[in-house]
Amino acid sequence: NEQLAIPQLRQSSYRHETPPTNPSRRCLHLGYFGGKRLHKISWSAPKPSPLTRSAPMAKLAIFFTLTLSLLPFLSHSFSPDTPTDRRILVLLDDFSLKSSHSIFFTSLKSRGFDLDFKLADDPKLSLQRYGQYLYDGLILFAPSVERFGGALDVAAVLDFVDSGHDLIVAADTTASDLIKSVATECGVDFDEDPSAMVIDHQGYAVSDVDGDHTLIAADELIRSDVILGKTKIEAPVLFKGIAHSLNAANTLALKVLSGSPSAYSANPSAKLSSPPSLTGSAISLVSVVQARNNARIMISGSLDLFSNRYMKSSVQKAGSPSKYEKSGNEQFVTEVSKWLFHERGHLKAGNLRHLKVGETGEPAMYRIKDDLEFYVDIFEWSGNSWEPYVADDVQVQFYMMSPYVLKTLSTDKKGLYHTSFKVPDVYGVFQFKVEYQKLGYTSLSLSKQIPVRPFRHNEYERFIPTAFPYYGASFTTMAGFFIFSVVYLYNK
Amino acid sequence: MPPQTMSAKTDATIGVNGTAKSTSNQAPPPMALPANLKSDLLNKLSLKSFKLKTKQQELLLRVSILFLVYVLAFITRLFSVLRYESMIHEFDPYFNYRTTLFLTEKGFYEFWNWFDYESWYPLGRIVGGTLYPGLMVTAALIYWGLRFLRFAVHIREVCVLTAPFFASNTTLVAYFFGKEIWDSSAGLVAAALIAICPGYISRSVAGSYDNEGVAIFALLLTFYLFVKAVNTGSLTWSLASAFGYFYMVSAWGGYVFIINLIPLYVLVLLITGRYSVRLYIAYNCMYVLGMLLAMQIRFVGFQHVQSGEHMAAMGVFFLMQVFYFLDWVKYLLSDKRLFETFLRITVTTTVGLAAVALGVGTASGYISPWTGRFYSLLDPTYAKDHIPIIASVSEHQPTAWSSFMFDFHILLFLFPAGLYFCFKRLTDATIFIVMYGLTSMYFAGVMVRLILVATPAVCLISAIAVSATVKNLAQLLRTKSKVTQGGSSKAASGSKASSKALLDQSQPFQRNGAIALLLGVFYLLSKYATHCTWVTSEAYSSPSIVLAARGAHGNKVIFDDYREAYFWLQQNTPTDAKVMSWWDYGYQITAMANRTVIVDNNTWNNTHIATVGRAMSSYEDEAYEIMRELDVGYVLVVFGGVTGYSSDDINKFLWMVRIGGGVFPVIKEPDYLVNGEYRVDKGAAPKMLNCLMYKLCYYRFGELMTEYGKPPGFDRARGVEIGNKDIKLEHLEEAFTTSNWIVRIYKVKPPNNRW
């Protein structure tokens, strides 16, 4: 009659029956309740049959493992070990973009990327096959596409990002709702007015004809060496396109190139009747989003930003005396794409470990007031190898609802970070937390749970000086009682 | 100097003792004498045959009755095992089981120092220091004993059967206690009554592995030993009662009742002039040793000297010393006037000193004030206004009359009759039982669960009533028959018989009346027996973790959803996953699913519980923040809408709101009510319809047909169609729902990737 009474007892036998990773058969049960039918899907456990795991199965398994282990060598695909992207799908409105933006594409190719150009409405479009993604990155240079071809849609693009892949979205005045909704899902809102463009009557690029000041020489760049590279981008970046703003609820998006205080978003051909919805530095021209899974997204309001024409042209910002032979576009685009495709700013942390001072091996539990040492390895991806990451601002928290200890880690410049501290005089379930979020870098969020127990009954100090009166009292009482008894009994 | 004091002491002893004895020994002789005479008579009659002597016969009869009662007490508690299976019941027993398992596996020191990080995440709980280890140690000792005797039992079986075993032992103690306060026949009746009394069975069926199962035995044992000590004035007995008290302290928090009742009893004896050296010895030894022993229990610690609840005992202890001292001074001082002035000065200074000490102790925080639980005992309305967490527990509700009737049946009116008999023959012992009965009856009225404490007293006092009545009636019958049978030949009983006969003649039809009354008593007692058995089998043997219902064709339907859900949790979630549920299910989740819980039935941290209550009663996105803070991986709710199981989370929800609102004023009870009415249908408050608990309980419930002829989404537990059928979850996703929808488990999603 021990059917169910103690689940723990059943556990061991049950585990052998169903490998939890392989719920192989699914069947439909009709559940009855109170005379009514409920449809329910339940997993049915495969029968425990050791016979099925016979020789052919084993051979097959060996074959598969071999293939799987060889797969990384066969294809240079994105993996946690080599985070730089390899295969990139480029979706275009028409193939003429291939030549008009060739500098950008060539720079990518020269850095070792495989580019796969396709039309955005190609009916055979698909990002994945058999559950495996075929690409590591996606470049959407198809601002006007209304519907993707094939199996691709907004949800598929977002799933692509959510499974850790990178995305470049470029829009322009012809931007379709599809492109805008992709951007919206990434936390960036394009101006809702379809005819609006970014206009800047002070920061425009000087050109031969006095135009409508929609060609902007933007130089409000984000100050981050990680995203934009170590060499400063001197020349302004030419921009002609639509404005977007960061969603206030989104904490992950960054303005890489933002509008100058005098910029605004409006229809350049129409007269301005009402104040523009987007103005000044709220306007973002190019933004990047680093998702929580470290997928990187770049959203640009201008497709022309990437074009050969803008890259080659000279630029002079209105009101500025300095004229540059070449615009900052090429450098900007190249540097951002380096960041975007994980050639830079990609950190890897791991091997979180801790031990009690004077001991080897990780304890399962600490006692309050223990001294402990904490180690973590952090490496940075240099584009082709993992290099030690050197910084003096990595901190570890000893955390239980709030940090009880917050310590800056010191590094040995070989990737090992270390600190030691005393466990606080509080018991509970703590966590070692490394939350490292530095602009442009992969955000590191590691934690390891560790309980802290109070003293055991025999770990307290045995004889404390403050208790000497107590000891004295008890022993004198005992002695006194003894003497009294002797006197009373034998002294009559 | 010492010899002088000593002699004075002994003198005083005799003086006081003498008076006490004369008062206490007044009653017994008339009762004891005829019994002896009769047994002598019967002895002579049966000498010729090979029959046993009457005394031996009586002994045999008594032993066999006791043995039968012992067995009966055990087997009547096995209904639950027969109906369901050998399993642990309810909520708290799962914790006790888990700790016992730990104790048997890891040994006593590990148990003593156990820091449990699987409960009260992330605070953890020092289990060894926050429980009463008596029960676990007892079960472990039984287990080790059986193992030593080569009985390969599983610890679960030991745990399941511990409570019935101790109930059996309680019957023995009840017998001796009854014998001590009245006579052995009253003891037998008491043993029989307590063996099947539903008030006791409710907490001691097989599987109900809770502190109370052992504690009632310890309680009664302590009382018995103390009364024995008072009656004999023996150090041995009072030492034994101190150990009984130690066992009680180690087993249950209800020991506070003992440490307050005994001083109260002593005080009453002092006031009524029944002070004696016997009392002095019994109380002082019991108090001092009991206190020192109780301090060894970590959970109790220094409460005996530091907590307001224990101060009465200490006060009475000092009062005893003053009393004794005064006696001695009285003996030394021949002048009466001098003594009176001395008395006045001493009493004033003592009372003043005591008051100052208490005041300073309380003000400095050395003496902790009374706890909420204690207040709520004295003032039944206190918890309702101040401590929702105490008021929310169903077993803390004030008792309804019906449950008195249900739990005591005929004892309810035998109790006053027994009190009458006790008052008629007032001794130190009967005063004790009267006080025990009256105080515990009061507490039983305040809290449902304290019926348990009152049960032994009620059984004992009722036993006195039954035994005395039956004895009187039987005596009446017997003397009559003897008079008619033996006539003048029985000279020995002549005087007694004639006096009876005289009485008889004054009341005609007495014999018939006595027979009728006896039949009536037997009818009542048999009714009691059937009632008790019925109650045990129908009401008190349900494990509450497995639910049973009658199907449409009268067949039994078992809902095993709880264990299904816990097993799912154990198999399908990461081992360090944190499960948030209302605290009722905490113990079961840790014991059965082996997962970390945020709160559990050990309601030591009100804020933590309030946080969970707040999460449950907030909107989903607010709740999500709280759950992220607590690293919650899964949320478990209990829902009875499909099966009509009424003690589900929706019905408990108002308590979550109240407890949550008690700490976080953002949660306001009126937000969840409509005109003071709690509803879940279309007319429900908007906050109610969108709070986390509602969403989790009714997620996709709107698609379900529960009852023929009713619209989809008809909640069978509350009998209404739910108000929000289109529930969308944003931060949580349904992970598992049991076959009857009783337990629903949701997974907390990680934060959105791109936002």
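## A loop residue in chain B

B:E118 sits in the loop between strand 1 (115-116) and strand 2 (125-126) of chain B; strands here are DSSP runs of E with at least two residues, helices are runs of H or I with at least four residues, and both are numbered from the N terminus. This is a predicted model, in which local features need pLDDT of at least 70, side-chain atom pairs count only at pLDDT 80 or more, and totals for chains, interfaces and linings use all residues. Residues are numbered from 1 along each chain as its sequence is written, chains are lettered from A and ligands numbered from 1 in the order in which they are written, and side-chain values use heavy atoms, with hydrogens and water left out.

Is B:E118 buried or exposed? B:E118 counts as buried because its relative accessibility is 18%; buried means under 20% relative accessible area, exposed over 50%, and partly exposed in between, with a 1.4 Å probe and protein chains only. Leaving aside neighbours within four places in sequence, B:E118 is in contact with B:R98, B:T590, B:N594, B:R595, B:T596 and B:V597, where contact means heavy atoms within 4.5 Å.

## An open sheet in chain B

Chain B has an open sheet of 5 strands in the order 6-5-7-11-10, with mixed pairing. Its edge strands are strand 6 (596-597) and strand 10 (732-737), each of which pairs on one side only. Two strands pair if DSSP finds at least two bridges between them.

Strand 10 of chain B runs antiparallel to strand 11 (residues 743-748) of chain B, and 5 bridges join the pair. Within that pairing, B:T737 has B:R744 of strand 11 as its bridge partner.

## Annotated stretches

## Chain A: make-up and confidence

Chain A contains 10 helices and 30 strands, and buried residues make up 45% of its 492 residues. Among its contacts between residues at least 6 apart in sequence, 68% join residues at least 24 apart.

The average pLDDT of chain A is 81, and 83% of the residues score at least 70; pLDDT is the predictor's confidence in each residue, from 0 to 100. Over residues 1-54 of chain A the pLDDT is below 50, and this stretch has 76 contacts in the model beyond near neighbours in sequence. Residues 71-77 of chain A also stay under 50, with 5 contacts beyond four places in sequence.

## Strands 10 and 16 of chain A

Strand 10 and strand 16 of chain A run antiparallel and are joined by 4 bridges. A:V198 stands opposite A:S265 in strand 16. In a regular strand the side chains alternate between the two faces of the sheet. Strand 16 (residues 263-266) is covered on both faces: A:A263 and A:S265 on one side, and A:Y264 and A:A266 on the other, are all buried.

A:T214 lies in the loop between strand 10 (197-200) and strand 11 (216-218) of chain A. With 2% relative accessibility, A:T214 counts as buried. Not counting residues up to four places away in sequence, A:T214 touches A:M197, A:V198, A:I199, A:F239, A:K240 and A:P268. The side chains of A:T214 and A:D212 are joined by a polar contact of 2.9 Å; a polar contact is a pair of N or O atoms within 3.5 Å, where within protein one must be able to donate a hydrogen and the other to accept it, and residues adjacent in sequence count only if both atoms are side-chain atoms.

How many disulfides does the structure hold over all chains? There are 0, with a disulfide taken as a pair of cysteine sulfur atoms within 2.5 Å. The closest cysteine sulfur to that of B:C197 belongs to B:C459 and is 4.0 Å away, too far for a bond. B:C197 counts as buried because its relative accessibility is 0%.
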